[in-house]
Amino acid sequence: MVINRGDGGNASLQVFDVATLSEVASIDFGPATDVNPTSVVITPDGSQIWVSFYQPGEVRVYPYAEVVAGSDPAPAVITGGGGFVALAADPGGEYVYAATLFNPQYQFSTVDPTAAPRTIDVPGGARGVGEGDGDRVFFTRPTSPGGVQQVDVAGDGTLSLGTYVQTGDVPWGVEYNPAQQRVISTNSGTPVSVSGYDPDDPTTLVTASLTCGPRLLDVNPSGSRAYIACLTGGIVSYDYDTGVLATTAIGDNVESVRVWGEPSGDAQRVYATSGGSDELLVFTKPTAQAAPDQTVEPGETATFTVTVTDYWQRLQWQRSDDGGTTWTDLAGETGETVSVTAALADDGALFRAVVDSDLFDPVASAVAALAVVAPPTPTPTPDPTPTPDPTPTPDPSPGPTPTPTPTTQPAGDAVPCPAQATEPCLPATGVDPASAGWLGAGLLAAAAMLLALPRVRRIVRR
């Protein structure tokens, strides 16, 4: 929600779509010369929109769903004296507190906004109000010496004055952060500063000087950073972890700043109104897209590129050589691309880009890995082996025709003789063949020897 006072035109309540930042609804309050809206708050359950007005001195309560739908519903109107300058919703959603420059200060019921409110007088009145933890609420006292007045809230809602902490002559906005249990307030008098302390131990008060006129402020959900709207300096951020104050210039006459983020986390978006440009400015925490892995050979160049979207101011490339345990800034590498001439020793190195701004915690891109591989050693191609001349096959000289071996078969069988046979074919006897003449002569000689043997007389004994 944005309240537009008009700066000479009409005052209005404007509703924007957070995804497209386009206006989806608007309620016209009337000429800015007659109507001066100062603050807007949505109840924790999202059912009501409360708008305070310094002139006329009243609070208007609208049904949230009807306003966002684009209708112009009639509000419940609460009147009060002195004019309303700030609103804060109780975290439990039961009450809405209103601050006025002149007493009293108010506690309204969200169940019945028009019911008679509880009130309490804060010495010197109040310029701002910050939601507490359900047991207390905080008002800034603008009287000198100024500071923050705690108001205790009993179980039945009864109000009583609590601890008072001096912070500066003209305190303005105040917020309470439960994550750090810290009350933060701005001071536009002496000293021009932002202060913070633990409400249970006011001796923890820390004050940092500012160079601009601070107005309203807000804190990221984790409580690590405060954002201050400055009339002459844009948005001033104060980092409690580092103690660094930084200014984001968005134009003059910046009166309000609001932060959205996940519970107990960093801011995801910062909203601010600039009366100088009559604009609502929206800063979104950046995202860094992953740079792809690279594989190269020694001597080649590996190039890593990161794409960053949304709001950022600074970029730094980092390298890790121990698997991401520790990271080292690469000197001078602050662009969106980094190049590395690779050596084998670079194999396994990791790279990332870290983007930073004065409004958000640093954001690191996904890690990109460098692989350096040696080229394969080529296998040498051997010279071709010459083909030898074929060895000629010699033509053998003809030799003598071997004597054929007669075919044998069982004794008594006649063996036909081959046509080329020169010897007689004999029965198979197991002996070498001989000529018929020699065989006949041998037999005759054997018979003659038998006839020539002396006869042997056979004697028989009786």
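This is a predicted model: local features need pLDDT of at least 70, side-chain atom pairs count only at pLDDT 80 or more; totals for chains, interfaces and linings use all residues.
Let me start with an open sheet of 4 strands, in the order E12-E13-E14-E15 with antiparallel pairing, where two strands count as paired if DSSP finds at least two bridges between them. The strand names follow DSSP runs numbered from the N terminus, a strand being a run of E of at least two residues and a helix a run of H or I of at least four. At the edges of this sheet are strand E12 (128-130) and strand E15 (159-166), each of which pairs on one side only. On average, and with direction ignored, neighbouring strands here are turned by 25 degrees against each other; the axes behind that angle are lines fitted to C-alpha atoms, for helices over the stretch in contact, and angles run from 0 to 180 degrees between N-to-C directions. Within the sheet, strand E13 (residues 136-141) and strand E14 (residues 147-153) run antiparallel and are joined by 6 bridges, and Arg136 stands opposite Asp152 in E14.

Residues are numbered from 1 along each chain as its sequence is written, and side-chain values use heavy atoms, with hydrogens and water left out.

How confident is the predictor? The average pLDDT of the protein is 84, and 82% of the residues score at least 70, pLDDT being the predictor's confidence in each residue on a scale from 0 to 100. Residues 405-415 stay under 50, and for them the model has 12 contacts beyond four places in sequence, a contact meaning heavy atoms within 4.5 Å. The pLDDT is also below 50 over residues 425-462, a stretch with 14 contacts in the model beyond near neighbours in sequence.

For the overall picture, the protein has 2 helices and 36 strands. Of its 462 residues, 39% count as buried, where buried means under 20% relative accessible area, exposed means over 50%, and partly exposed lies in between, using a 1.4 Å probe and protein chains only. Among the contacts with a separation of 6 or more, 43% are between residues 24 or more positions apart.

A further open sheet of 4 strands has the order E16-E17-E18-E19, again with antiparallel pairing. Its edge strands are strand E16 (171-177) and strand E19 (201-209), each pairing on one side only, and its neighbouring strands are turned by 20 degrees against each other on average, direction ignored. E16 is joined by 5 bridges to strand E17 (residues 182-187), the two running antiparallel, and Val174 stands opposite Ser185 in E17.

Not counting residues up to four places away in sequence, Val206 touches Val194, Ser195, Gly196 and Tyr238. Val206 and Val194 are 12 residues apart in sequence, and their C-alpha atoms are 8.4 Å apart in space.

Which cysteines form a disulfide? They are Cys212 and Cys230, with sulfur atoms 1.9 Å apart, and the count comes to 1 disulfide under the rule that a pair of cysteine sulfur atoms lies within 2.5 Å. Cys212 lies in the loop between E19 and strand E20 (214-219) and Cys230 in strand E21 (residues 225-230), so the pair ties together parts that are 18 residues apart in sequence. Cys212 is buried at 7% relative accessible area, and Cys230 is buried at 0%.

Finally, Thr248 lies in strand E23 (residues 245-248) and is buried, at 5% relative accessibility. Leaving aside neighbours within four places in sequence, Thr248 has contacts that include Gly233, Phe283, Tyr311 and Asp358.
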